[in-house]
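The sequence and structure come first.

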Amino acid sequence: MTTLTPGVLLKAYRERGGLTQRELADRSGVSLAAIRDLEQGRSRRPRRDSVHALARALDLTGPEERRLRAGAHTPPVLAPVPAAPAAPAVALGVLGPLTVWHGGVPAPLNAAKPRVLLLRLALTAGEAVGREELADLLWGERRPDSAANLLSTYIGRLRRLLEPGPDAPLMLSGTLGGYRLTAGPAVLDLAQLRALASRAAAEPDPKRAFHLLAAAARLWRGETDVDELRHGPLMAALIEEYATLLCALSRAARRLGECEPVLPPLRALASRLELHEPLHAELVAALAAAGRRTEALAAYERIRGALADQLGIDPGGLLREARRAVLRPVAAR
C-alpha cells in the first residue's frame with residue numbers, strides 16, 4: 001500500500017489524461033499557480049471547491065474523484081494510480097502546436113520549412129500529396145531552381161526524425177509524383193481523435209460514449225503554430241471537425257446531466273468561432289442544462305449581436321430553439 005498526497009494524485013490523473021498544467025488550469029478555472037503548488041507539495045490542503053473543479057475537468061470516475069476530494073484533507077492510504085501505457089517510440093501531434101515526441105519526450109524540430117511540410121502531410125495522413133503542391137506551399141511564386149533538391153532534403157530530415165532507428169516502421173514514403181505520411185491512432189493524435197469519435201458513435205451505452213468523446217476532446221491542445229497553414233482550408237476543416245466533436249460531447253453530457261466539464265472547451269472554441277451557430281447553440285443549451293440560465297441567455301445575446309453586426313442576419317433555427325428552451329418553464333423541459 002502507498003500513501004499518496006493530493007499533489008501526487010493530481011499529477012498522476014493529469015498526466016494520464018494527457019493535459020499540461022496550463023490546460024488543466026484553463027479547463028478547471030483553478031489558477032495555474034494553485035495547481036503547481038499542489039503538485040509540488042507546497043499546498044497540502046487545497047479548498048474543496050478547487051478540488052471539485054479539478055475532478056470535473058479531469059473527467060474522473062466516482063472512486064477517483066472521492067480519492068482526490070479526500071486527499072484535500074488527509075492523505076489517504078491507497079493503491080497507486082495505474083501507470084499510463086508506455087509512450088510510443090514516435091508520436092506526432094497536430095491538434096495544437098506541431099510536436100514530435102520520441103518516447104514521450106519532445107524531439108527538436110525547429111526548421112520552418114520541414115515543419116510546414118510535416119504538418120501538411122500529417123493533416124491528410126494516408127493520402128499522397130504531390131510535389132508541386134508541396135513546393136507551392138513552401139515557396140509560392142519564389143520557388144528556387146533547387147526546389148526539387150531542397151524538398152528531397154527536407155523529406156530526408158523528416159524521415160530521420162520520424163524513423164529514428166533501423167527497426168522503426170516506415171512512416172514517410174515516396175509516391176508517384178509526391179509523398180505520403182502513414183500514421184495510425186497509436187502515433188498521430190488526429191487519427192486517435194477520429195478513432196475515439198468513431199467508437200463513440202457506435203457505442204450503445206451513453207456513459208461509455210460520453211467518456212470516449214471526452215477522451216477525444218482532451219487531445220485538442222489549441223491552435224497550430226505553423227503560420228503557413230493556420231488560415232488554410234485544411235486547418236479550417238480540422239477546427240470544424242473539433243467543433244462537431246464538442247457538440248456531440250455536449251449533447252452526450254446533457255443526456256447524462258454532466259454538463260459542467262464540457263463548458264470550458266465549449267466556451268474556448270465559441271470565443272474563437274464567434275459566428276458558428278451550431279456551436280453557440282450547443283453552448284447555450286449546455287449552460288442552461290448546467291443551471292446557468294443567466295449565462296445561457298448572455299451567450300445567446302453575444303452570438304445574436306455578432307451575427308447582426310458582422311453579417312446583418314438574425315439567429316437561425318438552432319439558436320432560436322436553444323433560447324426558447326432556456327426560457328421554457330423548468331417543469332416543461
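Of the 333 residues of the protein, 44% count as buried, where buried means under 20% relative accessible area, exposed over 50% and partly exposed in between, with a 1.4 Å probe and protein chains only. The model is predicted, so local features need pLDDT of at least 70 and side-chain atom pairs count only at pLDDT 80 or more, while totals for chains, interfaces and linings use all residues. Residues are numbered from 1 along each chain as its sequence is written, and side-chain values use heavy atoms, with hydrogens and water left out.

The secondary structure comes to 16 helices and eight strands; these are DSSP runs numbered from the N terminus, with helices being H or I of at least four residues and strands E of at least two. Among contacts (heavy atoms within 4.5 Å) between residues at least 6 apart in sequence, 61% join residues at least 24 apart.

**Cavities**

A search of the whole structure finds two cavities of 30 Å³ or more. A cavity is a set of points on a 1 Å grid over the protein atoms alone where a 1.4 Å probe fits but cannot get out, and lining residues have an atom within 4 Å of a point. Grid points are joined across faces, edges and corners, and a volume is the space filled by probe spheres set on the points. In the table, Ala, Val, Leu, Ile, Met, Phe, Trp, Tyr, Cys and Pro count as nonpolar, Asp, Glu, Lys and Arg as charged, and the others, Gly among them, as polar.

| Cavity | Volume | Lining residues by class |
|---|---|---|
| Largest cavity | about 120 Å³ | eight nonpolar, no polar, four charged |
| Second largest cavity | about 40 Å³ | three nonpolar, two polar, three charged |

The lining of the largest cavity includes Arg-27, Arg-56, Asp-59, Phe-210, Arg-218 and Leu-249. Helices α4 (48-57) and α10 (206-218) each supply at least two residues of this lining, and the largest share, four residues, comes from α10. The second largest cavity is lined by Trp-220, Gly-222, Glu-223, Thr-224, Arg-230, Met-235, Ile-239 and Arg-272.

**Helix packing**

How do the axes of α14 (residues 277-289) and α16 (residues 317-327) cross? They come within 8 Å and cross at roughly 10°, the axes being lines fitted to C-alpha atoms over the stretch in contact, with angles from 0 to 180 degrees between N-to-C directions. The two helices are therefore roughly parallel to each other; angles under 35 degrees count as roughly parallel, over 145 as roughly antiparallel, 65 to 115 as roughly perpendicular and the rest as oblique. By class, the contact of α14 with α16 has eight nonpolar, one polar and two charged residues. From α14, Glu-277, Pro-278, His-280, Ala-281, Val-284 and Ala-288 take part, meeting Leu-318, Leu-319, Ala-322, Arg-323 and Val-326 in α16.

Helix α13 (residues 263-272) has Leu-263, Pro-264, Pro-265, Leu-266, Leu-269 and Ala-270 as its buried residues. These pack against α2, α12 (233-256) and α14.

**Single residues**

Asp-26 is found in α2 (residues 21-28) and counts as exposed because its relative accessibility is 53%. Between Asp-26 and Pro-264 there are 7.2 Å in space, C-alpha to C-alpha, although they are 238 residues apart in sequence.

Ser-173 lies in strand β7 (residues 172-175) and counts as buried, at 17% relative accessibility. Not counting residues up to four places away in sequence, Ser-173 touches Arg-159, Gly-178, Tyr-179 and Arg-180.

Conventions: 1 Å grid on protein atoms, 1.4 Å probe; cavity = no way out; pocket = protein on both sides within 12 Å on 5 of 7 lines; lining within 4 Å.
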